[in-house]
Amino acid sequence: HARVRDYLVDQLRSLGLDPHLHESTGIVDPGGSGTAGLIRAARVQNIVAVIKGTAPRGQILLTAHYDSVPTGPGANDDGVGVATILEVARALTQGSFAPRNDIVLLITDGEESGLLGAEAFVHDHRAGVDHAVVLNHEARGAGGPVIMFRAAPGAKALTRLYADVAPYPSGNSTTASLFKLIPNNTDFSVFHAAGFTGMDFAYVGRGAYYHSSLDSPSNVGRRSMQQMGDNTLALVRALVGADLTEYTVPTGDAVYFNVPPRLMVHFSAGWAWVLVVLAVLLVIGLVAFARIRRVVMLRQVVGGCVAVLFLVAAVVFAGSAYWAALKWIEPGFRRLLVDSPWEPRWLQIGAVVVGGLVLGVWYIVVRRLGVWALWLAALVLVTLLGVLGVALSPQLAPVLVPAPFAALGGWVALAAPKPVWRAVALTLGLVPAAVLILATGWMASDLGMGYGMYLSLPLIVLALLLMLPLVARPQIRWRRAAVFPAGAAVVVVVVSGLGVEANT
């Protein structure tokens, strides 16, 4: 640890900077951001270097931690974050760079022991006290896209800047709300509690390497490291000449989500309620229109809602049973820290096929309700889920975004005179569902097979259910209907075997 500290100090000096060690005592009490019930305290040595601004209207804090857990070398967590700070500092100190605002390079100590270095810094260091924007760098795996997984409350202007200037913007405001429920902390938790504004960045793919002895340089996701550096450098270049009071004074929250390949949509959280009204009116109107066109009866839609709720419960149960079976087949999976296998893709595909298998069997049982009744029921439940989410937090609005588009597609499809036009209308209306529900569900599987069964798999199955009118055949015979579940079961066995073999 001391050699790492001295090496980083030397690297910063080689860039012409004047780093110093901020030695202090970090203390986390039971009411703070540490583990509940434990008082953690230690002497820490944070590494601090400042690139002075010519006429500062605030400070930019680039933060990462240089300590690691005792069980691993910490190349991803948080060597990549530290490397990002060093490389951004090198890029900024080349030539005649003269920033307007101060850039504080803060490499903290004692993060893994309870965020102690960050605690010490916010309590007794003079840097970062005036209009500071914090950009924190973390990792919970060894690859995958670098996600801005939370921003400080009121950071709408900063979120908009990130969406506009980052070459690889990635994030969803839903995670910012859900993160409050996940028992994980980073140094950003301390800065947020101390009143700083800013953003927290991390990648979560290949989670088996997290806090393990194989968290080594050879297992670093190089593309992830490049994305982290490119995004941070672009943000810093945009902030160094800005009046940082525009970003540190709360301007409200933003709703944001990704549209492939590199677009981040963002809007003020206040528009979430406009989205609620629009979605509810369109969906209710669509159900009424379908009734008028004699496509469905109201009781069919109600029955479909009950059936879809049973489907979601069955998918969660089947997914959990699938992961339990894999841990029985391969006992090594029981020791995984975040329920993420070393090579997860085959097993993630297997989980999706399990969900598809349950969906196929479910449809065989309930198909007499009618394709349109089941489709409308799924749309109604997605809408209700989105409305409930917005009621809890407007930042959960991305869950609701697909509903009005799917409803519009349904309106056009019911009014269209030809089947091909109906198919086109439904397909176009379901594009947002594919982007926001299906893609989000797949990305959520990187959180681990355990979390994935409760979050990822239901989202994926709901997205597939919304595509039902495009693929379902209500008059198919039982023998032919059984072909899909049987084929899916074979695929589950094959990909599971490949997945276990890849992780043995």
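Biologist: Which helix gives the most to the nonpolar patch?

Modeller: Helix 20 gives the most, with three residues; helices here are DSSP runs of H or I with at least four residues, numbered from the N terminus. Helix 11 (345-366) and helix 20 (483-503) each supply at least two residues of the patch. This is a predicted model, in which local features need pLDDT of at least 70 and side-chain atom pairs count only at pLDDT 80 or more, while totals for chains, interfaces and linings use all residues. Residues are numbered from 1 along each chain as its sequence is written, and side-chain values use heavy atoms, with hydrogens and water left out.

Biologist: What makes up the nonpolar patch on the surface?

Modeller: The patch is formed by Trp346, Ile349, Trp442, Val490, Val494 and Leu498, with about 510 Å² of accessible area together. Members of a patch have over 30% relative accessible area and no salt bridge, and nonpolar side chains are joined within 5 Å. A salt bridge would be a side-chain nitrogen of Lys or Arg within 4 Å of a carboxyl oxygen of Asp or Glu. Areas come from the Shrake-Rupley method with a 1.4 Å probe.

Biologist: Why is Val494 called partly exposed?

Modeller: Val494, found in helix 20, has a relative accessible area of 46%. Buried means under 20%, exposed over 50%, and partly exposed in between; Val494 is therefore partly exposed.

Biologist: Why is Ser14 called exposed?

Modeller: The relative accessible area of Ser14 is 55%, so this residue counts as exposed. Ser14 belongs to helix 1 (residues 2-14), and a polar atom of its side chain lies 2.6 Å from the backbone oxygen of Gln11.

Biologist: Why does Gln395 count as buried?

Modeller: Gln395 has 14% relative accessibility and therefore counts as buried. Gln395 lies in the loop between helix 12 and helix 13 (402-415). Not counting residues up to four places away in sequence, Gln395 touches several residues, including Ser173, Asp253 and Tyr256; contact means heavy atoms within 4.5 Å.

Biologist: What makes a set of residues a nonpolar core?

Modeller: Such a core consists of buried Ala, Val, Leu, Ile, Met, Phe, Trp, Tyr and Cys residues joined through side-chain atoms within 4.5 Å. The largest has 76 residues, and those with the most contacts inside it are Trp362, Trp375, Leu379 and Leu466. Helix 12 (residues 371-392) gives the most to this core, with 13 residues. Apart from this core lies another, of 52 residues, among them Val9 and Tyr66.

Conventions
Patches are made of residues with over 30% relative accessible area and no salt bridge: like charges are joined within 9 Å, nonpolar side chains (Val, Leu, Ile, Met, Phe, Trp, Tyr) within 5 Å. Buried means under 20% relative accessible area, exposed over 50%, partly exposed in between (1.4 Å probe, protein chains only). A polar contact is a pair of N or O atoms within 3.5 Å; within protein, one must be able to donate a hydrogen and the other to accept it, and residues adjacent in sequence count only if both atoms are side-chain atoms.
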